[in-house]
Amino acid sequence: MKEQLQKDFYNSIKNLSLSQKDIEIKKFCLDSFIDKGFPNKKEEDWKFTDLNQIIKNNIGELSFYNDQASTNKVDTSVFVDGLEHNKIVFINGRIEKIDFEYEKKDQIEIIDQSETINEFENSNSLSDLNNAFTNKCFKILVKKSYQLAKPLIIYHTTNSKIWSKNINLRLNFELDKDSSLRLIDLFNDTSEKNFLNIFYNFELKENAVLKNYKVDKFENKNIKYSFNNIDQDKNSISETFILSSGSNFSKNEINCNLNGVYASAFVNGVFSLNNDKHHEIRSIINHLTENTKSYQLIKSVLEQSSKAVYQGKIFVNSDAQKTDGYQLSKAILLNKESEFNAKPELEIYADDVKCSHGSASGSLNEDSIFYLMSRGLSYQQSRELLINGFLLDVVEKITDSEIKNLIKNMLGIKE
Amino acid sequence: MDNRQKEINNLKDYKYGFSTDIENIQAPKGLNEDVIKFISNIKKEPAWMLEFRLKAFERFKVLKEPDWQKPKFPKIDYQDLYYYSAPKSMKDKPKSLDELDPKLLETYKKLGIPLQEQARLNGIAVDAVFDSVSVATTFKDELTKQGIIFCPISEAIQNHPELVKKYLGSVIPTSDHFFATLNSAVFTDGSFVYIPEGVRCPMELSTYFRINASNTGQFERTLIIADKGSYVSYLEGCTAPMRDENQLHAANVELIALDDAEIKYSTVQNWYPGDQDGKGGIYNFVTKRGLCKGKNSKISWTQVETGSAITWKYPSCILKGDNSVGEFYSIAITNNHQKADTGTKMIHLGKNTKSKIISKGISAGSSDMTYRGLVDISSKAKNSTNYTQCDSLLMGNKCGAHTVPYIKNKNSESNIAHEATTSKISEEQLHYCQQRGLNPEEAVGLIVNGFCKEVLQQLPMEFAVEAQKLVGISLEGSVG
């Protein structure tokens, strides 16, 4: 893999106009990645998910160079109907379109930050890979007191032109004081056997509100990794919702630093898996100052031999008195072969806190099925009704009603 | 001064901190094949036992000391330890208690375990382990009548080789982790219990461990076998003198429950925890594992962990037999600079297996406490259930409490429920108690005892009273 990485690296920097210093930094990241390789199960954070093995088994030889010279045609049929929205379109890892048609142009700034390097807490060798190979990185700055009128949808589209490729994406967001952003990540892949490696960095200033919905709904055979780093100032709110369903393999990581007082973070997730899919959510909420709050709810419905993993960590610093942290994960295993693993972790150094977590996994409640069947529903109907209700609980946590309806439709959940 | 206060003052200092001046026979310092041969030789062990030890040592040589645990500690120099230390008077083993060195008897008396009187009064059979050897076992006659074997493991190797050979290393093999392997190579003594088919052991069996000599590691090995339909309740207590250096205690405990058998294993661990600045104290790195081998068998662990500078142990149950049950009840209290990383593993292999974990952690002072546990339901363990509850209480803002559960469910017909909370003692509860005339310390004592009650109830009577007091004392001075 080493030769391939080096060869692809020189091919990719050839086309970029980078300074000598930038090349050196990128080179350093590349060497660091070559040194560490893909994360494997010997690393505690990847205990349940051996990415190295998964890539080997599903993709085999991965190549890292993408020819980004020519533009791809934007297929408008993938756009969401019935919801007016701003767009960013990625096709095969190339930014094809940035369009804030519904917003005041002077309130949003798009800054090219291609030379900056990500250095995140709690990240891994994949951030090195990302740093080495990303060719374009934009920062989207929402200016003071501006609240976006319409949500922003980022379309992640891949098509059959690429095969066994690694795609690295990076975006930075800064939400200035009193601003707000609703962001939907929509994955739409018609490709197979690619590895997507996505890093987002969010900076939330005082009173800023971020709502991020990640929707991976459409069946595809790709491997996805996504890392969100969120830094939150005083009174800010972040809400993350993850629908983890379509890809063959997916891991979402959220690292959230609650730096300012009264900042709060919400992470909600739904795993709806079938076949041999293997998905994971790992969240780390760092309560770093007093009076911060976090809430996490993860629910899974697992069919066939699918596997879901939830690793959630609440960290409370010794200064973070009056922290309120809550975490709940529930899973329904519908098949003998399905598997649910959880590691809900608390690490607490302050005494005046209220932290709790719960985790439960098991089969559908036979008594409930009996109850419904005795009232005239078929077995299948009862099962669907129960699963519907089970998942509805999480979807109801979405605070934006427009997007809530959109996601309900996608999941086929009825009220 | 009221009684409680007096008692507290009495016990405020680690009362077991004395050391006994006694002549010792020691193995040469260091760890190598010769030392292992020395130990094996001095114990007059058969060849297969030496082979067992050497096999473990071979494996030990390639293993690295693990470093994933939360409490970090300075590197232990394994070549700077004595692996065998025995009171000289024990060289020719005394036939009865009367022949015991009076100094030894006095030591145990000071510890509250008067071996002679105990033999008559208490109705608990005791095996006392002093440094590396078992010094006395009480109540032997009565137990022998029922066919129960309760003796030092070194004796069992001589007298019951067929049992030891069959079961030793069957739960903790010689190829296990670092400390367990070290123990397999150099273990010196410990208790051996065999309960024959259908026998309900008429009394509590108890072992009392004491580290006396300095620079010695204590490596005892306990093996308990409950044959079909039998029942035994076993207690374990530990203390050590106050010394400035850290001492290593790496024991292995193996439990085997056959069809319909039940083993109840209770520990009150009160090793020297080090002084207020965290100097000295015991490193308690123990491997405890129970195998529910037969159908309908049950293993229950209860532990009260108040001592040791660092406690690092996970008493586990392997639920292999169908319908077997595993239980784990734990109170862990850390104060000053103590550190604990403890919890359990419940490995469900058989059908209809059940496990229950109740863990209560209390940390005060500058201490750190971690619950780390694993619940693993394999794909064959149909209809299994697990219930886990771990609660932590924090006192003061310099301490930490952590929960790291691993939950693996591979069976759709099985249910796992896990809950954990971390909080401090609520002001309302304190206010309520104080309003009714309790002083703050008493109020905290009451609330903490209530917090721990679920676990304390699982202990045999005599131990429960002791443990309840210990809980109060360990937290002394942490309320301000």
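Which residue in E23(B) is the bridge partner of Asn341(A)? The close-ups below take up that question and then move on to other parts of this predicted model.

**Figure 1. Strand E18 of chain A meets strand E23 of chain B.** The residue to look for is Lys408(B), the bridge partner of Asn341(A).

**Figure 2. Helices H10 and H11 of chain B cross each other.** H10(B) spans residues 427–435 and H11(B) spans residues 440–456. Their axes come within 9 Å and cross at roughly 120°. At that angle, the two helices are therefore oblique to each other. H10(B) passes H11(B) in a right-handed crossing. To find the contact, look on H10(B) for Gln429(B), Leu430(B), Cys433(B) and Gln434(B), which meet Pro440(B), Ala443(B), Leu446(B) and Ile447(B) of H11(B). The class count here is six nonpolar and two polar residues, with no charged ones.

**Figure 3. Helices H1 and H2 of chain A lie roughly antiparallel.** Now move to chain A, where H1(A) takes in residues 2–14 and H2(A) takes in residues 20–36. The two axes come within 11 Å and cross at roughly 160°. H1(A) and H2(A) are therefore roughly antiparallel to each other. Their crossing is right-handed. From H1(A), the residues Lys2(A), Leu5(A), Phe9(A) and Ile13(A) meet Ile23(A), Lys26(A), Leu30(A) and Ile34(A) from H2(A). In this contact you will find six nonpolar and two charged residues, and no polar ones.

**Figure 4. Strand E20 of chain B pairs with E17(B) and with E22(B).** E20(B) runs over residues 354–363 and is mostly covered, with seven of its 10 residues buried. One partner is strand E17 (residues 325–334) of chain B, which pairs with E20(B) in the parallel sense over 10 bridges. A handy landmark for that pairing is Val325(B), whose bridge partner in E20(B) is Lys354(B). Another partner is strand E22 (residues 385–394) of chain B, and this pairing is also in the parallel sense, over 10 bridges. Here you can look for Ser359(B), whose bridge partner in E22(B) is Cys390(B). As you follow these strands, keep a general point in mind: in a regular strand, side chains alternate between the two faces of the sheet.

**Figure 5. Chain B, the setting for the views of its strands and helices.** Chain B has 12 helices and 24 strands. Of its 480 residues, 56% count as buried. Among contacts in chain B with a separation of 6 or more, 82% come from residues 24 or more positions apart.

Terms used. Residues are numbered from 1 along each chain as its sequence is written. Chains are lettered from A and ligands numbered from 1 in the order in which they are written. This is a predicted model: local features need pLDDT of at least 70, side-chain atom pairs count only at pLDDT 80 or more; totals for chains, interfaces and linings use all residues. Two strands pair if DSSP finds at least two bridges between them. Helices (H or I, at least four residues) and strands (E, at least two) are DSSP runs, numbered from the N terminus. Axes are lines fitted to C-alpha atoms, for helices over the stretch in contact, and angles run from 0 to 180 degrees between N-to-C directions. Angles under 35 degrees count as roughly parallel, over 145 as roughly antiparallel, 65 to 115 as roughly perpendicular and the rest as oblique. A crossing is left-handed if the near helix is turned anticlockwise from the far one by less than a right angle, and right-handed if clockwise. Two residues are in contact if their C-beta atoms, placed from the backbone, lie within 7 Å. Ala, Val, Leu, Ile, Met, Phe, Trp, Tyr, Cys and Pro count as nonpolar, Asp, Glu, Lys and Arg as charged, and the others, Gly among them, as polar. A residue is buried if 20 or more other C-beta atoms lie within 10 Å of its own, exposed if 12 or fewer, and partly exposed in between; C-beta atoms are placed from the backbone.
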